[in-house]
Amino acid sequence: MSAADGATRAPGSGRARADERAAPGAREGAGTVEFCGLRLAHRVINGSGTFDVVAARAVFGAALDERFPFAAYVSKTITLEPRAGNPPPRLWEAAQGLINSIGLPNKGLEAYMDEDVPALASLTTEVPAGPAAGTSRVAVPLVTNVMGSTAEELVELVDACHERAEISAVELNVSCPNVKTGLDIGADPVLLEHVVRATRERTSKPLVVKLTPNAADVPACARAAQAGGADAVSLINTLRAMALTPPARGERRHPWLGGGTGGLSGPALRTVALAQVAAVAESVSVPVIGMGGVENTAHARDLIDAGAALVAVGTENFRDPAAAARIARDLAETGL
Amino acid sequence: MSGFARATAPFARRLLRVTGVDPLGAYELLRAADPHGPEPSPGQFLMLATAERWGGGVDGRPYLPRAFSIARRRAGESHFLLEDVGPGTHRLAELRAGDALWALGPLGRGFSAPAAGKRAILIGGGAGIAPLAILQDTLGREATVLVGFRDAAHARGAELLRGARVATDDGAIGHRGPCTDLLAAELGRDPDAVVYACGPPAMLEAVRAMCASLSVDAQLALETGMACGFGACFGCAVPRLDGGYLRACVDGPVIDAAALERVPEAVGAHP
């Protein structure tokens, strides 16, 4: 893994490289995309927590695996201990967006490793572009997203991921409040660099840091992640947001969501995402995974042109579970 | 109880063609041609959104698709019962024959068939009567049907079912009071029946409590807001009796009443 050097670069130079060296039809690698040493079928992945492969298999059957929409699969956030998640209500429909207060329900590290990792290890998908388009399948790397409230917790999670060959990369969710300061770890560049460095030392697998957009200086946080040894950064996570109970005569209104506040996603924040992705891509040399309100190829292309190497689809998966496949195919047809 | 066959959903949303939107009292019966859609099992649902002008309305809504029980399947058409109560249902109610409709599904776990020899009692409140119609079609034998509505205009919805006994809050049609009054009388006569219920949370909770106290099997089709319908968002959480949460979309929407501590208040994304 390349150590961070803090150097800046021209926009777009950190993009994943389309594999153009293979001779047409020569080998199945043609048309694939390289990202942190991983070979991907295309540039479109999922945002953490926006697609549950295990649940979706029961709903859609074999078609899900046959037409798997993502070039890499990012798990929902895994924590050391099981979490039930926040009390309902967990959703609020906003103007062209969704506020969620899900609370990271998950079965905990041990059950994830025992039950889910084997089920997620053998995903493959079609290459949509190049001479091998539609004829060859490429492995879908499993990216495990983990969250801990301290560097020690994160180290334990990353150690467990490092042990498993089925896991290709680790994404750190650093949108967790620091118990001492109450600030999100990811919003404090000093603390962020510390936790990234602590986990970086534990694994040779690609380490992605999912940046929080709820920070005063997101590019500074990106530089801190890079300085700590991150191989890539991903953004944006949801923006902190809130909704109130409907007005009722004589009643004091309170937060609608069971968690109080929640995170806004969807088209409502697309332009915010574009600005943050562009600013971060100008600030770091490691590749950037861009996301935020992507519904179609034009939106994905905006993020790529702003410097993103890969694009993640999040809330749009909820509206159309095959959205990412459609976007990947359209992107490939435009040569991206 | 054995399950009806659970349909596997095609892995992408598909465009349906609206064949009609027929007023039914306070409701609309939306009909759409879905010739290639799998046959749903009773209690399954689709996520629906209009192909045009879904979004951009008042307050920038609707944005997410809306979950609708399949009320009936007939000659390649799927029927849905809707009431114009919010931006999503308002837009859907504007549809006219020929318009395009996005659909994903059939989704969720539907009702289980009653054990041999058990009488089925179907009880529904308001727009929650919808999945009872396809259930009545599928059971293929006489089931007792009890339905409750606010007033006479809403009680027109009872026409969706055959031989339904009606209760209204204002007494305009049928029994004056909640439809659970009718259920109490039925269970008094036949405590060996199995109950199938769908309706607003307060009604479902009354059914749950009554069936629990009488040790009667009950299957509740929950109405909750959901963002995706296929287990991705974890937004439709329903507290379980043994702790933690169910996902109404993939663990339900039909839940064995014995699995719930109580039926939660509406937890929709769309108040």
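Two strands pair when DSSP finds at least two bridges between them. Keep that in mind as you click around this predicted model.

**Stop 1: all of chain A**

Select chain A and zoom out. You're looking at ten helices and 17 strands. Along its principal axes, the C-alpha trace spans about 70 × 40 × 40 Å. A compact globule of 336 residues would have a radius of gyration near 20 Å, and chain A has 19 Å, so the two agree. Buried residues make up 57% of the 336 residues in chain A. Now think about contacts with a separation of 6 or more: in chain A, 72% of them link residues 24 or more positions apart.

**Stop 2: the open sheet in chain A**

Next, colour the strands of chain A and walk across them in this order: β4-β17-β16-β13-β12-β11-β10-β5. Together they form an open sheet of eight strands, with parallel pairing. What holds neighbours like these together? Strands of a sheet pair through backbone hydrogen bonds, either parallel or antiparallel.

Which strands sit at the edges? They are β4 (44–46) and β5 (73–74) of chain A, and each pairs on one side only. Zoom in on β5(A): with strand β10 (residues 142–146) of chain A, β5(A) makes two bridges in the parallel sense. Pick Val74(A) and look across to its bridge partner in β10(A), Val143(A).

**Stop 3: helix α10 of chain A**

Now select residues 323–333 of chain A, which are helix α10. Show the side chains of its buried residues: Ala323(A), Ala324(A), Ala325(A), Ile327(A), Ala328(A), Leu331(A) and Ala332(A). An α-helix has 3.6 residues a turn, so residues three or four places apart point the same way.

**Stop 4: where the chains meet**

Bring chain B into view. Here 33 residues of chain B are in contact with 35 residues of chain A. Colour chain B's side of this meeting place by class and you get 22 nonpolar, eight polar and three charged residues.

**Stop 5: strand β9 of chain B**

Select β9 (144–149) in chain B. Five of its six residues are buried, so to speak: β9(B) is mostly covered. On one hand there is β8(B), which runs parallel to β9(B) and is joined to it by five bridges. Gly125(B) has Gly148(B) in β9(B) as its bridge partner. To get from β8(B) to β9(B), trace the chain through helix α2 (residues 130–139) of chain B; this β-α-β crossover is right-handed.

Then look at strand β10 (residues 165–168) of chain B, which pairs with β9(B) in the parallel sense over four bridges. Click Gly148(B) again: it stands opposite Ala167(B) in β10(B).

**Stop 6: helix α5 of chain B**

Finish on helix α5 (residues 201–214) of chain B and try the distance tool on its end C-alpha atoms. They are 20 Å apart, which agrees with the 20 Å that 14 residues should span at 1.5 Å a residue.

Which residues of α5(B) are buried? Show Met203(B), Leu204(B), Ala206(B), Val207(B), Arg208(B) and Cys211(B). What covers them includes β8 (120–125) and β9 (144–149), the strands from the last stop, as well as α4 (179–189), β12 (194–198) and β13 (218–221) of chain B. Just after α5(B), click Ser215(B), which takes a positive phi of about 55°.

Key:
Residues are numbered from 1 along each chain as its sequence is written. Chains are lettered from A and ligands numbered from 1 in the order in which they are written. This is a predicted model: local features need pLDDT of at least 70, side-chain atom pairs count only at pLDDT 80 or more; totals for chains, interfaces and linings use all residues. The expected span of a helix is 1.5 Å times one less than its number of residues. A residue is buried if 20 or more other C-beta atoms lie within 10 Å of its own, exposed if 12 or fewer, and partly exposed in between; C-beta atoms are placed from the backbone. Two residues are in contact if their C-beta atoms, placed from the backbone, lie within 7 Å. A crossover is right-handed if, with the strands pointing away from the viewer, the path from the first strand over the helix to the second runs clockwise. The radius of gyration is taken over C-alpha atoms; the globule rule is 2.2 Å times the number of residues to the power 0.38. Ala, Val, Leu, Ile, Met, Phe, Trp, Tyr, Cys and Pro count as nonpolar, Asp, Glu, Lys and Arg as charged, and the others, Gly among them, as polar.
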